[in-house]
Amino acid sequence: MSNVRFYQREEQVPLEMHKVRVVQKLFLLPVEERLKKIQEAGNNTFLLQNKDIYMDMITDSGVNGMSDRQVAAMSVADDSYAGSETFNRVKAAVYEVFGTENVLPAHQGRAAENILAEAYVKPGMYTLMNFHFTTTKAHITRLGGEVIELVDKKGLIPQTDDPFKGDFDLRLLRKTIKELGPEKVAFVRVEAGTNLIGGQPVSLENMLAVTDICHEFGIRSVLDASLLQDNVYFMKTREPRCKYMTTKEIYHILADRFDIIYFSARKLGFSRGGIITAHDKRFTDEMMEFVPLYEGFLTYGGMEVRSMEAMAVGLLESLDMEYISQGPEFIAYLVDELDKYGVPVIKPAGGLGAHLNCSEIVPDIPHNQYPAAAVGAALYIASGIRGMERGTVSEQREPDGTERYAELELQRLAMPRRVFTLSQVKYCADRVKWLYDNRSLIGGLEWVEEPKVLRFFFGRMKEIGYWQEDLAKKFREDFGDSL
Ligand SMILES: Cc1ncc(COP(=O)(O)O)c(C=O)c1O
């Protein structure tokens, strides 16, 4: 987005610096059908069908709008098992963005995490991070490692005006390394744009301080750059030292200081796929053998060449402030609308999406009746919008089977980049407001089928009592024959 000021200041909204040239028809089912669909889906928004969804806000991953230049690039993809020109173009784009020469491909972000974990995590070892991501943690624990989260406590306060809630607690990081012993630490991972705590950014200062500590103790530093484009936008707009840096300078400073960078190109790069990159070949050499084993040959790594071409162009677009500000500015607009109305929402607005604070919206629903999942099911009934549970359902049970209650019970409304119009975002705000006014109707959920691993993807739940029917009825009363 650009610095465009409206004549009528009160009408100021984020202004897109792109236009839409390919469209996809959407359907909004009547509320009675929405009720039926969510119940058939076991109250799990992952199990809904896309044709039954009006706004798909489940993720920003692999669903971002492609540019004309990306689509054009896809037609020149060089399809060969080994040594494709397409991979050389990806490498050149990674070099432009990060300045790094060593590049390993993987089919998506979690595949890169698998390789990283296979290379460095051994039973009894620890990985320290500001906050875990579901797939990152699953790979580490699968290999007998343990994850320790060291996010500054401000990150877990739902509403503050702190600009960098994803920051590490540096004192605690140092203390933890000393207590564990540096040899027990597989790596320290900084997650840019911390996903599970509301897409909250980490400051440049904090990231660099983490790498300093790693160097001091001789521990590998890893940057998960999947959400780095949002994070860079926040560095430039919230951190005085970054204001006059170019986006590229910021990416390069980070790449100069972290040992290893990996990312999901489903986010960074407006495409699909995953990348691991490093200045020092020693690191990519240590991980290289796992690429052909799990992904594919070293010049495609399980990716489809057309996506790789799109990634190469998309990565360069991640340097463009007008592109990378669109997501955060739409999210800020939605968060602001909800906040003005009194809906509890994570503040300040982060990247990735808006996050409803369900512990406050439905305080009477206990963790073990899954308040965030309940709000997600209710929102689909109220709007045809699907979000994603980011609360206790997204956690793993403890080894003894007891529930690990989430620090924050969030319903995430992701904002795919360059996809929605502002009127759709206004519709979303309107329906969330209605739901908030009718929150007393929302009840809890219980498991019907609970998978052992990553249960939030395919688990099924049912409503406790008949609250969903009551909610649909109230919608009909309030909205008449409206969809
Ligand atoms: C911070 C972060 N890391 C890693 C991943 C995993 O990437 P992928 O979905 O491409 O496997 C995600 C995906 O949402 C993410 O947000």
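Helices and strands are runs assigned by DSSP and numbered from the N terminus. The model described here is predicted. In this numbering, Gly65 lies in the loop between strand S1 and helix H2 (68-74). Gly65 has 17 C-beta neighbours inside 10 Å. A residue is buried at 20 or more such neighbours and exposed at 12 or fewer, so Gly65 counts as partly exposed. Leaving aside residues up to four places away in sequence, Gly65 touches Arg417, Arg418 and Val419. Ala41 stands 24 residues from Gly65 along the chain, and their C-alpha atoms are separated by 27 Å.

One of the residues touched by Gly65 is Arg418. Arg418 sits in the loop between strand S12 (410-414) and helix H17 (422-437). Its phi is positive, near 60°, although the residue is not glycine. Most residues other than glycine have a negative phi, and most peptide bonds are trans. Arg418 counts as partly exposed because it has 19 C-beta neighbours inside 10 Å.

Asn43 also has a positive phi without being a glycine; the value is about 55°. This residue is found in the loop between helix H1 (31-40) and strand S1 (55-56). Is Asn43 buried or exposed? Asn43 is buried, because 27 other C-beta atoms lie within 10 Å. The peptide bond between Lys347 and Pro348 is cis, with omega about -5°. Pro348 belongs to the loop between helix H14 (326-341) and strand S9 (353-357).

Seven strands form an open sheet with mixed pairing, in the order S2-S8-S7-S6-S5-S3-S4. Strand S2 (102-106) and strand S4 (146-149) stand at the edges. Each has a single partner strand, so one side of each is left without a neighbour in the sheet. On average, neighbouring strands are turned by 20° against each other, direction ignored. Strands of a sheet pair through backbone hydrogen bonds, either parallel or antiparallel.

Met129 has Glu149 in S4 as its bridge partner.

How many of the residues of S2 are buried? Five of its five residues are buried, and the strand is mostly covered. Both faces of S2 are covered. Asn102, Leu104 and Ala106 are buried on one side, and Val103 and Pro105 on the other. Helix H4 (residues 109-120) lies across S2, strand S5 (185-191), strand S6 (221-224), strand S7 (260-264) and strand S8 (274-278). H4 runs at about 45° to S8.

A ligand is surrounded by 14 residues. The closest are Gln108, Gly109, Arg110, Ser226 and Ser264. The shell around the ligand divides into two nonpolar, eight polar and four charged residues.

Strand S9 is mostly covered too, with five of its five residues buried. S9 and S12 run antiparallel and are joined by five bridges. Within this pair, His355 stands opposite Arg412 in S12.

Helix H1 has a buried side. Val31, Arg34, Leu35 and Ile38 are buried in H1. They cover an arc of only 105° around the axis, which puts them on the same side of H1. An α-helix has 3.6 residues a turn, so residues three or four places apart point the same way. What covers the buried residues of H1 includes helix H16 (371-383) and helix H19 (467-479). H1 is followed by Gly42, whose phi is positive, near 60°.

Lys473 is located in helix H19. Lys473 counts as partly exposed because it has 15 C-beta neighbours inside 10 Å. Lys473 and Val31 are 442 residues apart along the chain. Their C-alpha atoms are separated by 8.6 Å.

Technical notes. Residues are numbered from 1 along each chain as its sequence is written. This is a predicted model: local features need pLDDT of at least 70, side-chain atom pairs count only at pLDDT 80 or more; totals for chains, interfaces and linings use all residues. Helices (H or I, at least four residues) and strands (E, at least two) are DSSP runs, numbered from the N terminus. Two residues are in contact if their C-beta atoms, placed from the backbone, lie within 7 Å. Two strands pair if DSSP finds at least two bridges between them. Axes are lines fitted to C-alpha atoms, for helices over the stretch in contact, and angles run from 0 to 180 degrees between N-to-C directions. A residue is near a molecule or strand if its C-beta atom, placed from the backbone, lies within 6 Å of it. Ala, Val, Leu, Ile, Met, Phe, Trp, Tyr, Cys and Pro count as nonpolar, Asp, Glu, Lys and Arg as charged, and the others, Gly among them, as polar. The arc is that of the directions from the helix axis to the C-beta atoms.
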